[in-house]
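Subject: Structure handover

Hello,

Here is the structure I promised to pass on. My notes follow below it.

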Amino acid sequence: MANSVNPEDLEILPSPLLAVLNDLHSQYKSLNEGTLANYIPELAKVNPDLFSICIATVDGKIYQVGDYQQTFTIQSISKVFAYGLALEDHGRDYILTRVGVEPTGDAFNAIILDEPSKRPYNPMVNAGAIAITSLIKGSGPTERLNRVLEMFQRYTGQDALVDISVFTSERSTGHRNRAMAHLMLNFGMIDHNIEEALDLYFQQCAVMVNCPDLAVMAATLANKGINPVTGKQAVNNLYIKDILSVMYTCGMYNFAGEWAYKIGFPAKSGVCGGIMAVVPRKMGIAVFSPLLDVRGNSVRGVKVCEELSQRLQLHLFECSGED
Ligand code: DON
């Protein structure tokens, strides 16, 4: 993601964008509330001070501040992209029979299925994401993993690599996710080969990205599925509205309602401390800061997105600005 920032290229936005990002970075770098994810040692030992903010516009410009070269594992943000791939593999109607689109109001790792359908509530909580990943097509685990990695490469324009130590840690400690998979197997909502589905889920969560990668991935979703830097189609435009609707209503877990109300554009967070947000037809926003609030969302990430929404008038239902 080597694009250099050209301050001349800021005319599409109401204020000099890089200056806004620098301002927000200075404003929030001293905010040290929250805790690191600690369910695996790899996440617990991350430097809590790391902080980067990045915006990629739909015309391929990238604005980045802070520790933007720092890589981290994508974690739950991967659920968005796996959902798109499963939609491409099976179509909307079939996917809807396997995983719903209702927000839960519960934690992302709640062991809960919809009654009476027995579907997981939505693809952004763990149960739904595991069911979605189990539907990704391929002749065996290697082909399925390769399809997932190729998908990430289309979105970032970079090679996709799995952090093996995070993957193996997730696999050896992921008993709650395993319990959900068994529950869904019990109700016939997931294929019998649950260890393979869980492996692919843990691998997709352990794919390494940096903040500009996430911003370009978000900008791709804002840009009809076309990566604005490479010009390549990453996901069929037919499914952008499905992906963004579910991100909007379910992407921030049991904070999704307040997020939609206050901030007002689709987003997805992960326990890595990343938040990826999409302003349709305009830009992708990414924030990385590993200290999390009680719902698992980056504390600084939520604040930065809230300020960006207000300062740039990005709320989707904003009516007070000029057309
Ligand atoms: O399923 C898990 O436990 C993780 N690999 C992903 C968790 C995650 O990022 C949920 N988000 N807040």
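Strand 1 and strand 7 pair in the antiparallel sense, over six bridges. In that pairing, Ser52 stands opposite Phe288 of strand 7. Please keep in mind that this is a predicted model.

**The sheet**

Strand 1 also pairs with strand 2, again antiparallel, over five bridges. Ile53 has Val65 in strand 2 as its bridge partner. These two strands form a hairpin with four residues between them. Gly60 sits in the turn and has a positive phi of about 85 degrees.

Strand 6 (residues 274–279) and strand 7 (residues 283–288) are antiparallel as well, joined over six bridges. Here Val279 has Met283 in strand 7 as its bridge partner.

Put together, this is an open sheet of five strands in the order 2-1-7-6-5, with antiparallel pairing. Its edges are strand 2 (62–66) and strand 5 (267–269), each of which pairs on one side only. From one strand to the next, the twist averages 10 degrees.

How many residues of strand 1 are buried? Six of the six are, so the strand is largely enclosed by the rest of the structure. In a regular strand, side chains alternate between the two faces of the sheet. In strand 1, Ser52, Cys54 and Ala56 point one way. Ile53, Ile55 and Thr57 point the other way, and all of these residues are buried.

- Helix 1 (residues 17–28) lies across strand 1 (52–57) and strand 2, at about 20 degrees to strand 2.
- Helix 10 (residues 211–222) lies across strands 1, 2, 6 and 7, at about 150 degrees to strand 7.

**The two domains**

The chain is divided into domain 1 (7–75 + 207–312) and domain 2 (76–205). Their centres, taken over C-alpha atoms, are separated by 21 Å. The contact takes 42 residues from domain 1 and 42 residues from domain 2.

Between them the domains bury about 3,500 Å², with 66% of it on carbon and sulfur atoms. Gln75, Val207 and Tyr253 supply 19% of the area that domain 1 buries against domain 2, more than any other three residues.

The count of salt bridges between the two domains is one. Elsewhere in my notes is a salt bridge between the side chains of Asp242 and Arg92, at 2.5 Å, N to O.

**Salt bridges**

Across the whole structure, a search finds 11 salt bridges. Some to look at:

- Asp59 and Lys61 meet at 2.8 Å, N to O. Asp59 is partly exposed, at 42% relative accessibility. Lys61 is buried, with a relative accessible area of 19%.
- Asp199 and Arg171 have their closest N and O atoms 3.1 Å apart. Asp199 lies in helix 9 (residues 194–205) and Arg171 in helix 7 (residues 164–173), so the pair ties together parts that are 28 residues apart in sequence. Arg171 counts as partly exposed, at 33% relative accessibility.
- Lys262 and Glu258 meet at 2.9 Å, N to O. They are four residues apart in helix 12 (residues 256–262), so about one helical turn separates them. Both count as partly exposed: Lys262 at 38% relative accessibility, Glu258 at 35%.

Best wishes

Technical notes:
Residues numbered from 1 in each chain as written. Predicted model: local features only at pLDDT ≥ 70, side-chain atom pairs only at ≥ 80, totals over all residues. Heavy atoms only, no water. Pairing = 2+ DSSP bridges. Axes fitted to C-alpha atoms, helices over the stretch in contact; angles between N-to-C directions. Contact = heavy atoms within 4.5 Å. Buried < 20%, exposed > 50% of the residue type's maximum accessible area, 1.4 Å probe, protein only. Domains from an automatic or database assignment. Buried area = accessible area lost by both parts, 1.4 Å probe. Salt bridge = Lys/Arg side-chain N within 4 Å of Asp/Glu carboxyl O.
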